[in-house]
Amino acid sequence: MQRLCAHLRGVAVEGGKLVRMHTTPDRNRAEIVVDLDAIADNVATLKSRADCPLMAVVKADGYGHGLVPSARAAVRGGADTLGVTVIEEALALRRAGIGVPILAWLTGSGEDLTEALTQDVELSAASIWMLEEIAEAGQACGHVARVHLKVDTGLSRGGAHMSDWPDLVAAAAAAQEVGQLKVGGIWTHLAYADTPGHSTITAQLAAFDDAVRIAARDGLGDVPKHVANSAATLTLPDAHYDMVRPGIAVYGLDPMGGDPAAYGLRPAMTVQAAVTLVKRVPAGSGVSYGHEYTTSKPSTLALIPVGYADGVPRNATNVGPVWLAGARRTIAGRVCMDQFVVDVGDDPVQAGETAVLWGPGTAGEPTAQDWATALHTIHYELVSRVGGRLARRYLSSVPEEVPDPASRP
Ligand SMILES: *Cc1c(COP(=O)(O)O)cnc(C)c1O
């Protein structure tokens, strides 16, 4: 990624006139700053709340925070195991030398499972054919797979339907009996964990307890059980069972959309960019494609070099909040592929100055939740999609956690 040279020359507006300025922003043109200590501290906080082993979910490139650095920080904070979606993510963690147990829970028919098994990646099964594929791969490579049996207790997404569960459990118990695999977990996922008190929660937990009883009849009573995502980890002790499985809270965001500080969590991600151009325009200037914004008075416009190709959603047009020149502003006009504009009125701003899209919110800047509210989405989507040409810069009190920029994939 490109670094701004240390003596970038900027342009400022002073008294309505453009003047050249000398600035020294020692940072990237546009960057995602990830506070790895926040990730470690959040995991420690979640662990103290749950009082059981914790699987830190680092899928989707660590929710946009970087797979390997996030995983290392989570383990430093006390994560016992790591959870990812696909095998490739698990193998990338192993290649980085991360040795804790890893569960990869979404595999399809016909995938090559042998490398996962030789690397001790645990897999999930929700069907008998999946169990068979795992057992076959295990025999082919001489490694006994650890398999988590997933039951669908009401999300109707992954997991075996309750009507298929007894057969799945019987098949898994039989395969374990003959040494073809080891059942390492029984698990499910909640539909409404982020709505504490919702009636489906108790219904799903009751169904899960039924599923656990069925498994116990086949000799799988001692298998660890896990259910709780972040929301359930924070608000639903009844769902903690033998392990919790938080994702978004690891990164310091509140799955219920509130203030994460209420749970002792702090957001790990800051997205910011250096203003690339500043100019004074008259009243009535149409701004950006389609002129969806027009200046109401003579104004100073600042150009921010990130756009929808970098994961800044186009529907942030005229609503996305940005911290710039000491105040919270709103994006003026359309977000383009590579850039957007902010109207700062008569406030002084200079090229090279930092515009913060979202961060922890402790210095006045908007949070990912503020963006989610403004854009009618969830912060999960914003943090996991932001990327594109933005550089990632890591902050950590443990230097080994910070990857060498040159070795970044
Ligand atoms: C993503 C995911 C989690 C973590 O969810 P959060 O809401 O981010 O805590 C846990 N379990 C499964 C199956 C998931 O897909």
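Here are a few friendly questions and answers about this predicted model.

In this predicted model, local features need pLDDT of at least 70, side-chain atom pairs count only at pLDDT 80 or more, and totals for chains, interfaces and linings use all residues. Residues are numbered from 1 along each chain as its sequence is written, and side-chain values use heavy atoms, with hydrogens and water left out.

Me: Is strand 3 mostly covered or mostly uncovered, and how many of its residues are buried?
Reply: Strands are DSSP runs of E with at least two residues, and helices are runs of H or I with at least four, numbered from the N terminus. Buried means under 20% relative accessible area, exposed over 50%, and partly exposed in between (1.4 Å probe, protein chains only). Strand 3 spans residues 30–35 and is mostly covered, the buried count being five of its six residues.

Me: In which sense does strand 3 pair with strand 13, and which residue is the bridge partner of Ile32?
Reply: Two strands pair if DSSP finds at least two bridges between them. Strand 3 and strand 13 (residues 269–274) have five bridges, in the antiparallel sense. Within strand 13, Ile32 has as its bridge partner Val271.

Me: Which residue in strand 22 does Glu31 stand opposite?
Reply: Strand 22 (residues 391–395) pairs with strand 3 over five bridges, in the parallel sense. There, Glu31 stands opposite Ala391.

Me: Is Asp120 buried or exposed?
Reply: Look for Asp120 in the loop between helix 5 and strand 7 (121–125). Its relative accessible area is 53%, so Asp120 counts as exposed.
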